[in-house]
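Student: I would like to learn how to read salt bridges in a protein model, and I would be glad if we could go through some cases together.

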Amino acid sequence: MRTRHVNLLITLVAVVLFSFSCFCISRMTQTSNQLTNCRNHILEFKESILRLKNKTERNRQELLNAFKEMKLDISEKEHDAKNAVEKKVNASDTNETVSDAFEVLKFFFPHLRKVDRIYPDVIMGREKTGVTFALGIPTVNRGNYSYLKQTLTSLLSRMTLPEEKDSVVIVSIADSNENYVKSVVDMITKKFKRQVTSGSLEVISIPAYFYPNISHAAGSTDDSEKLESWRIKQVLDFCFLMLYAQPKAMYYLQLEDDIIANKMYLTKITDFVHTITSNNWLYIEFSVLGFIGKLFKSEDLTDFVRFFLMFYKDKPIDLLLGDIFLVKMCTPGEAL
């Protein structure tokens, strides 16, 4: 009987130990799984931290690059603005060669003899020199509509890149209306930024003090007097632009602000000039309309300006051009 009780007790202890072992094994398995899961979570967290760090580094680098670009852009704008102010305010610092080109005006206009240096009020561009062609475009306020954008688009888009590098287009604003001046500068800055940056496009504004008293007909109701005043001013506008362009290029092509250029126009002009064996020509006419499309040797521009200023009150500029042709190129018998 006693043996039986001992065996029962041993069995009970064995069952308890087995149950406890199973329980321990189960807990150890759960703990192992939890540790494994924990380790996986730690690895995932570590990878997330690394990804976040890499992303943060990229964002930091992009931000630094953006700040650098902003700083460079601001520096360039400040530099351009400083140059523009210096050119406008401090006339004594302007280029001597360009500035001296305007000295001829003082001979014809006594009111300019008190001016230290005659120079445009506004210049936008690189003051490019040493090119083959300078293309001059005077522009005035036409009211509600302007053709200038279309004109510049056709001229610049129909140049080859080598032709663009070897030429400069000069827009001369011959209008004292500040809103119009600003609108022209804003349009060109936005639409033709590349050409302005490269120096192939410049904008100048003729100073109001340049003009003699030709506004007597401005308030008149007589259309003939208004037309006469407009023609006088137009001659002066062309003369100022010619003097500015003269030191820049070998040839000067006179245009206006309401034209459309033909395809390959500059290539054809260049080819034609190269076919001329003699240099004994006064000007070449590439358009029969008024003063448009006339090509001059830049070295002759000062002589043309002197002639135009002698008679600027008497005839429109296209008729004066015919007169100087008769004087310079024809014998007295041929001029009759």
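Student: Which residue forms a salt bridge with Lys297, and how far apart are the closest N and O atoms?

Tutor: In general, side chains of opposite charge can pair when their charged atoms come close. This is a predicted model, and in it Lys297 pairs with Asp300, with 3.9 Å between the closest N and O atoms. That value counts because the cut-off is within 4 Å, and both Lys297 and Asp300 are buried.

Student: How many salt bridges does this rule give?

Tutor: The count comes to 11 salt bridges, and one of them joins Arg142 to Asp257, whose closest N and O atoms are 2.5 Å apart.

Student: Is Asp257 buried or exposed?

Tutor: Asp257 has a relative accessible area of 3% and is therefore buried, while Arg142, at 39% relative accessibility, counts as partly exposed. Through salt bridges that share partners, Arg142, Asp257 and Asp258 are joined into one network.

Student: Which side chain meets Glu164 in a salt bridge?

Tutor: The partner is Arg194, at 2.8 Å from N to O; Glu164 belongs to helix H5 and Arg194 to helix H7, so that the pair links distant parts of the chain, 30 residues apart. Glu164 counts as buried at 5% relative accessibility, whereas Arg194 counts as partly exposed at 47%.

Terms used. Residues numbered from 1 in each chain as written. Predicted model: local features only at pLDDT ≥ 70, side-chain atom pairs only at ≥ 80, totals over all residues. Heavy atoms only, no water. Buried < 20%, exposed > 50% of the residue type's maximum accessible area, 1.4 Å probe, protein only. Helix = DSSP H or I, 4+ residues; strand = E, 2+ residues; numbered from the N terminus.
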